Amino acid sequence: MHSVLHDKLRADADRLSEALDHMSKLFLAPKEVKTLRSFTTAEVAELLRVSDGYLSKAHFDDRIPDVEQGPNNKRLYTAEQILGIRNILSQNAKDPHQFLPGRRPGDNLQI
């Protein structure tokens, strides 16, 4: 009686193990490439410390390149596009550090 139950449990455990192994190979593939999501105008405006309207006007005036438009014709920005826009805006800004924050050459390291 016990050996029949034990054999049945062993067979179920083996099938479950195979199914889990198969699922992990499908969903957790080691060569799977993840990508960073796109950012909305509101998120980019917050990152750049400008208003949504400022970004819209910069696009309208062709001061910054146009970007992909998602659902409802809302602009979506990749990280690379945000960096490019930061560089463009810093070239014409009164204070370039506003758009390119961070340490500068010669700044002391803070610990």
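**View A. R49 in a loop of the predicted model.** R49 is found in the loop that lies between α2 (41–48) and α3 (52–60). This close-up, like those that follow, is drawn from a predicted model. The phi angle of R49 is near 60 degrees, a positive value in a residue other than glycine. R49 is exposed, since its relative accessible area is 58% and the cut-off for an exposed residue is over 50%.

**View B. N72, in the loop between α3 and β2.** N72 is placed in the loop between α3 and β2, the latter comprising residues 76–77. Although N72 is not a glycine, its phi is positive, at about 60 degrees. With a relative accessible area of 69%, N72 is exposed.

**View C. Helix α1 along its length.** Helix α1 has 26 residues. From its first C-alpha to its last, α1 reaches 37 Å, which is close to the 38 Å expected at 1.5 Å a residue. How many of the 26 residues of α1 are buried? The number is 0, so α1 lies largely in the open.

**View D. The salt bridge between R15 and D12 in helix α1.** Side chains of opposite charge can pair when their charged atoms come close. The side chains of R15 and D12 form a salt bridge, with an N to O distance of 2.7 Å. Both residues belong to helix α1 (residues 2–27), and because they are 3 residues apart, about one helical turn separates them. An α-helix has 3.6 residues a turn, so residues three or four places apart point the same way. R15 is exposed, at 53% relative accessibility, whereas D12 is partly exposed, at 27%.

**View E. The salt bridge between R37 and E43.** A distance of 2.9 Å, N to O, is found in the salt bridge that joins the side chains of R37 and E43. R37 is partly exposed, with a relative accessibility of 47%. E43 is likewise partly exposed, its relative accessible area being 27%.

**View F. The salt bridge between R75 and D66.** Here the side chains of R75 and D66 meet in a salt bridge, at 3.4 Å from N to O. D66 counts as exposed, with 53% relative accessibility. The model has a count of 4 salt bridges, and the pair R75 and D66 is one of them.

**View G. A nonpolar patch on the surface.** Which residues form the nonpolar patch? The patch consists of L16, L20, M23, L26, F27 and L28, which together have about 690 Å² of accessible area on the surface. Among these residues, L20 lies in helix α1.

View H. S90 is found in helix α4, which covers residues 79–91. Is S90 buried or exposed? S90 is buried, because its relative accessible area is 8%, and the cut-off for a buried residue is under 20%. When residues up to four places away in sequence are not counted, S90 touches P96, F99 and L100.

**View I. S24 and its distance from E80.** S24 has its place in helix α1. At 28% relative accessibility, S24 counts as partly exposed. S24 and E80 are 56 residues apart along the chain, and their C-alpha atoms are separated by 32 Å.

Conventions. Residues are numbered from 1 along each chain as its sequence is written. This is a predicted model: local features need pLDDT of at least 70, side-chain atom pairs count only at pLDDT 80 or more; totals for chains, interfaces and linings use all residues. Side-chain values use heavy atoms; hydrogens and water are left out. Helices (H or I, at least four residues) and strands (E, at least two) are DSSP runs, numbered from the N terminus. Buried means under 20% relative accessible area, exposed over 50%, partly exposed in between (1.4 Å probe, protein chains only). The expected span of a helix is 1.5 Å times one less than its number of residues. Patches are made of residues with over 30% relative accessible area and no salt bridge: like charges are joined within 9 Å, nonpolar side chains (Val, Leu, Ile, Met, Phe, Trp, Tyr) within 5 Å. Accessible areas come from the Shrake-Rupley method with a 1.4 Å probe; for residues, only the protein chains shown count as cover. Contact means heavy atoms within 4.5 Å.
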